[in-house]
Amino acid sequence: MLTRRVFVISAIVAGLLSGTVPSTADSPYDSGVKSFGQRNYQQALTFFSNAESAGKRDANTYYYKALCYQQLKEYTRARDLFTYVRTNFPDSDAAVLCEQALVRFNYKAVTPAPAASAASPGAGNQVQETVVPFTRYPTGSHIFVKVLVNGQPVTMMLDTGASITTFPQSVLTKAGVKVQAVRNALRVTGVGGETSASVGRVMIQFGEITQSVACCIQDDAVGGAAPETPLLGQTFLSAFNYRINYNANTIQLSRIRPDAVKKPKRGVAAYSRDQNVVPFTREGNLMLVVVKVNGRECEMIFDTGAANVNFSDKTLAALGVNVPINSRRQLSSGVGGNREGYGFSLDEVQMGSVVKNHVRASMASYSTIPKPLLGFSFLEGTDFIVDNESSVLRFWP
């Protein structure tokens, strides 16, 4: 699903990338989440202990205490609390995250992490890598992960085609997540058209990795104006290298060096002799790859949030592909609502060494997407790394 920012959002998000998490509450738990996001783990631990003493003895409080102990290298206490949450709150989202942490501990005594080197300041105080499972609908397209947003559990769709991490306001309200907006009454564009939005900032806990993220909050008071599921987009993903394995249903996330995080810009993709390595360029935050559709080369947006290879009527006509007579009418859903269109099959789609035949595709009439979307119907069954440091995709044959 494409969430393309208008110019004014781009400027605001650029300013947010180095900011701190806004806070509109001062309860011990909320103060603990804020301190944790600022990497003041000892202070955060005190706040969470105060919250526990005040009666907040839930899965999220104990999970955050475990994370604090882990960051302070008190690994036995961390492991005991991860186990406590998994045992006593088995149906909670935090229990899923604790299970992931315990897999990392491998149920054995752990050794202290190596000290931070001079070349990597702060590395010893920050988790650099995590592996989490993801789930999919029975139809098997979108990637759903459980995360904590400002300390509250939220299920999000991992969407490489979303230039900014996006939340429907109703989801934040239901989860009890408070976000202070820094700009209101903006417009964002997607497959379905435009919708109003505001811009803010949240702290996202993904597995054992925490990241402060600029986000877009969509007004979904009108039905169909925004997706029902939050999108974990490029304002989060661009800070990492990540491996998506559609066979194992796992995501491995690795934090990239701070000096490697550069402002996305349009450029010429590097050439690679290895057919399993596919270079990509950036247009704003969007990842662009060169793809052959029925033997014709075109530039597409690499989009794990799209169920199919998706075209607007204009981009399909520019490629010289006609909608087959036997195509079926359907709705394409995304940011901005729904668009009528058609579903059909492409004879062949190729990117690097990956070649797929009879690939599901769709066309949305009057859609404003600037380029076609390379979605799940092509990526299904693949195992690849998005290397943001080298601007390439690495596929396993």
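Let's start at a hairpin, the one made by strand 10 and strand 11: four residues sit between the two strands, and Asn249 there takes a positive phi near 55 degrees. When I say strand, I mean a DSSP run of E with at least two residues, while a helix is a run of H or I with at least four residues, and both are numbered from the N terminus. Before we go on, please keep in mind that this is a predicted model, where local features need pLDDT of at least 70, side-chain atom pairs count only at pLDDT 80 or more, and totals for chains, interfaces and linings use all residues. Residues are numbered from 1 along each chain as its sequence is written, and side-chain values use heavy atoms, with hydrogens and water left out.

Strand 10 covers residues 240-245 and strand 11 covers residues 250-255, and six bridges pair them in the antiparallel sense. Pairing here means that DSSP finds at least two bridges between two strands. Phe240 stands opposite Arg255 in strand 11, and Arg243 has Gln252 of strand 11 as its bridge partner.

What lies across from Val131? Its bridge partner in strand 11 is Gln252. Strand 2 and strand 11 also run antiparallel, joined by five bridges.

Side chains of opposite charge can pair when their charged atoms come close. For us, a salt bridge is a side-chain nitrogen of Lys or Arg within 4 Å of a carboxyl oxygen of Asp or Glu. Arg243 forms one with Asp383, with the closest N and O atoms 2.6 Å apart. Arg243 is in strand 10 and Asp383 is in strand 21 (residues 383-387), so this pair ties together parts that are 140 residues apart in sequence.

Are these two partners buried or exposed? Buried means under 20% relative accessible area, exposed means over 50%, and partly exposed is in between, using a 1.4 Å probe and protein chains only. Arg243 is partly exposed, with a relative accessible area of 24%, whereas Asp383 is buried at 10%.

How many salt bridges does the structure hold? There are seven. One of them joins Glu52 and Lys65, whose closest N and O atoms are 2.9 Å apart. Glu52 sits in helix 3 (residues 41-53) and Lys65 in helix 4, so the pair ties together parts that are 13 residues apart in sequence. Lys65 counts as buried, at 10% relative accessibility. Arg77 and Glu74 form a salt bridge too, with 3.5 Å between the closest N and O atoms. Both ends are on view here: Arg77 is partly exposed at 47%, and Glu74 is partly exposed at 30%.

Lys73 is not a glycine, yet has a positive phi of about 65 degrees. You can find Lys73 in the loop between helix 4 (59-71) and helix 5 (75-88). Asn150 is not a glycine either, and its positive phi is about 50 degrees. Look for Asn150 in the loop between strand 3 (144-149) and strand 4 (152-158).

Finally, let's go inside. A nonpolar core is a set of buried Ala, Val, Leu, Ile, Met, Phe, Trp, Tyr and Cys residues joined through side-chain atoms within 4.5 Å. The largest one has 61 residues, and Ile204, Phe302, Met351, Leu374 and Leu393 touch the most other members. Leaving aside neighbours within four places in sequence, Leu393 is in contact (heavy atoms within 4.5 Å) with residues including Val277, Phe280, Phe302, Met351 and Ile385. There is also a second, separate core of 26 residues, with Tyr41, Leu81, Phe82 and Leu102 among them.
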